[in-house]
Amino acid sequence: MTRMPAKRANSRSLADLAPDEVKPMVDGYNEIYDAGPERRKEQYRSFVNHFYDLVTDFYEFGWGQSFHFAPRRRGENFEASLLRHQHFLADRLSLRPGIEVLDVGCGVGGPMGNLARYSGASFVGINNNAYQLERAKLHTQDVESLCRFIHGDYMQIPEDDDRYDAAIAIESMPHAPNKTAAFCEVCRVLRPGSYFAGYEWCLTEDFDPDNAEHLRIKNDIMMGNALPELAFTSEICDALRKAGFELLEASDRAPESDLQTPWYRALQGRDLRLSSIPRTPIGRALTNLTLRIGEKLRVVPEGATAVSTLLNAAADALVEGGKAGIFTPMYFFLARKP
Ligand SMILES: C[S@@+](CC[C@H](N)C(=O)[O-])C[C@H]1O[C@@H](n2cnc3c(N)ncnc32)[C@H](O)[C@@H]1O
């Protein structure tokens with residue numbers, strides 16, 4: 001059995017890892033994934049954490065500081081669509097100066113920084129991944145008086161009950177090993193009467209569990225994104241209610257994209273951005289060749305090509321899921337703690 005390197009107590013970036021550490025980490029990730037959903041749930045902390053150690057630098061280069069998707073209007077550029085998707089949450093939650101918001105699974109702080117600048121609210125970001133938190137502190141320096149961070153697990157939030165005025169979770173809870181338990185924790189730390197909003201990754205009603213192609217796409221999405229499972233939209237609503245929330249709104253925002261600019265367009269390398277180049281067929285071939293040569297010359301760690309291949313397969317599956325209409329990464333919910 002392949003083991004994750006034992007000395008890696010804290011998360012680090014791909015660049016910080018010793019050349020011989022990357023391949024065992026990729027192998028360890030694959031091994032946990034292949035062992036099935038129960039093992040992924042049992043070992044969710046290392047499963048998810050190691051994934052983000054491997055991919056964070058790739059994500060920041062290719063996507064930016066906000067690790068999520070957005071519906072995109074005609075003529076709107078990629079960055080503007082992400083920002084609008086974030087502002088949508090701020091507006092629904094009526095974020096404003098003087099209130100304290102928990103950002104559940106805050107990534108490298110892109111959305112949190114933007115929302116602090118936009119609304120003037122104070123944010124506390126919780127994230128399991130130490131390397132991402134280092135990045136988040138850097139990205140929010142200009143609003144540091146409004147941003148605080150907790151290195152911790154959102155399944156056990158180290159905070160008192162009834163503390164926060166609002167909470168957001170942008171595409172972070174698909175990693176949860178148990179949705180109801182995860183939402184329960186958020187509910188616990190919110191003050192009665194306050195709101196929780198976010199975007200979930202879900203299978204839509206068009207997903208057919210008897211369709212082999214649908215199952216393959218679902219599996220590829222989970223494999224390439226460190227997901228223990230992938231829930232139907234109805235399961236998210238049920239889990240929020242079971243956790244004690246009153247569900248006020250729930251809807252898929254994917255259909256709000258213009259037909260020319262579906263949410264997965266950036267994954268297809270169709271945007272005129274420098275960082276899109278590795279997503280084009282030619283760019284992919286060149287990236288893989290460069291990484292392979294780099295591995296041979298020992299200027300990039302062994303395993304870097306495998307990470308790039310994993311991410312390309314993940315991107316393909318997301319595009320396929322989006323095109324088939326069987327998957328959405330933007331199932332919006334607005335819930336209230338009674
Ligand atoms: C797809 S990223 C989204 C990040 C951020 N919300 C954004 O939109 O940029 C998912 C995030 O959830 C975090 N995460 C996953 N499981 C977690 C857990 N159990 N506790 C805390 N953070 C977690 C990951 O480390 C990652 O930062």
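Visitor: What should I know about the model and its numbering?

Guide: Residues are numbered from 1 along each chain as its sequence is written. The model is predicted: local features need pLDDT of at least 70, side-chain atom pairs count only at pLDDT 80 or more, and totals for chains, interfaces and linings use all residues.

Visitor: In what order do the strands of the open sheet run?

Guide: Start with the terms. Helices (H or I, at least four residues) and strands (E, at least two) are DSSP runs, numbered from the N terminus. Two strands pair if DSSP finds at least two bridges between them. Here, an open sheet of 7 strands runs β3-β2-β1-β4-β5-β7-β6, with mixed pairing. Its edge strands are β3 (147–151) and β6 (246–252), each pairing on one side only.

Visitor: In which sense do β2 and β3 pair?

Guide: Parallel, over 5 bridges, with β2 covering residues 122–127. Phe 123 has Cys 147 in β3 as its bridge partner.

Visitor: How are two packed helices described?

Guide: By the angle between their axes and the distance between the axes. Axes are lines fitted to C-alpha atoms, for helices over the stretch in contact; angles run from 0 to 180 degrees between N-to-C directions. In this model, α3 and α6 (residues 130–139) pack at about 35 degrees, with axes 9 Å apart.

Visitor: Which residues meet there, α3 to α6?

Guide: Contact means C-beta atoms, placed from the backbone, within 7 Å. Tyr 52, Asp 53 and Thr 56 of α3 meet Tyr 131, Gln 132 and Arg 135 of α6.

Visitor: Where do nonpolar side chains tend to be in soluble globular proteins?

Guide: They tend to be buried together. A nonpolar core is a set of buried Ala, Val, Leu, Ile, Met, Phe, Trp, Tyr and Cys residues joined through C-beta atoms within 7 Å. Buried means 20 or more other C-beta atoms within 10 Å of a residue's own; exposed means 12 or fewer; partly exposed is in between, with C-beta atoms placed from the backbone. The largest core has 96 residues, and Val 101, Val 104, Phe 123 and Ala 167 touch the most other members. β5 gives the most to this core, with 8 residues. Beyond four places in sequence, Ala 167 contacts residues including Val 186, Leu 190 and Phe 196.

Visitor: Is Asp 206 buried or exposed?

Guide: Exposed, because Asp 206 has 11 C-beta neighbours inside 10 Å. Asp 206 sits in the loop between β5 (190–203) and α8 (212–225). Not counting residues up to four places away in sequence, Asp 206 touches Gly 325 and Ile 326.

Conventions
Contact = placed C-beta atoms within 7 Å.
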